[in-house]
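Please view the sequence and the coordinates alongside the text.

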Amino acid sequence: MSTYPPANDRLRHLLAQEINTSVDTFELALWIADGIVKSPEIRAELERIANAHAANTPCGDQHCSHCWAASLNNPKDISA
């Protein structure tokens, strides 16, 4: 079983992996990801999306392919 990314810091490391393709160093990617993970607005949005998914309702985010496809099929079910 892999120990990377670490279970207690998984979100930051996953974000850093994505960011790393656009910056010079992984340390810079981790620094940027750290700011993202600590942002109250981003944390609130992640919680909103997670709550919508847990309630089996579309989250309304166009980057969530499952929910976006569902909202296109039934526009009244989009949650704001």
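## Basis and overall fold

Helices (H or I, at least four residues) and strands (E, at least two) are taken here as DSSP runs, numbered from the N terminus. On that basis the protein contains four helices and zero strands, and its pattern read along the sequence is α-α-α-α.

The model is a predicted one, in which local features need pLDDT of at least 70 and side-chain atom pairs count only at pLDDT 80 or more, while totals for chains, interfaces and linings use all residues. Residues are numbered from 1 along each chain as its sequence is written, and side-chain values use heavy atoms, with hydrogens and water left out.

Of the 80 residues of the protein, 21% count as buried, where buried means under 20% relative accessible area, exposed over 50% and partly exposed in between (1.4 Å probe, protein chains only). With contact taken as heavy atoms within 4.5 Å, residues 24 or more positions apart account for 11% of the contacts with a separation of 6 or more.

## The crossing of α1 and α2

Helix α1 (residues 10-19) and helix α2 (residues 26-38) have axes that come within 8 Å and cross at roughly 130°; axes are lines fitted to C-alpha atoms, for helices over the stretch in contact, and angles run from 0 to 180 degrees between N-to-C directions. That angle makes α1 oblique to α2, since angles under 35 degrees count as roughly parallel, over 145 as roughly antiparallel, 65 to 115 as roughly perpendicular and the rest as oblique.

On the α1 side, the residues making the contact include Leu 11, Leu 15, Ala 16 and Ile 19, and on the α2 side they include Phe 26, Ala 29, Leu 30 and Ala 33. By class, the contact has eleven nonpolar, two polar and two charged residues; Ala, Val, Leu, Ile, Met, Phe, Trp, Tyr, Cys and Pro count as nonpolar, Asp, Glu, Lys and Arg as charged, and the others, Gly among them, as polar.

## Ala 16 within the helix pair

Ala 16 lies in helix α1 and, at 0% relative accessibility, counts as buried. Apart from neighbours within four places in sequence, Ala 16 is in contact with Phe 26, Ala 29, Leu 30 and Ala 33. The C-alpha atoms of Ala 16 and Ala 33 are separated by 5.3 Å, although these residues are 17 residues apart along the chain.

Ser 39 is found in the loop between α2 and α3 (40-54), and Ser 39 is buried, with a relative accessible area of 14%.
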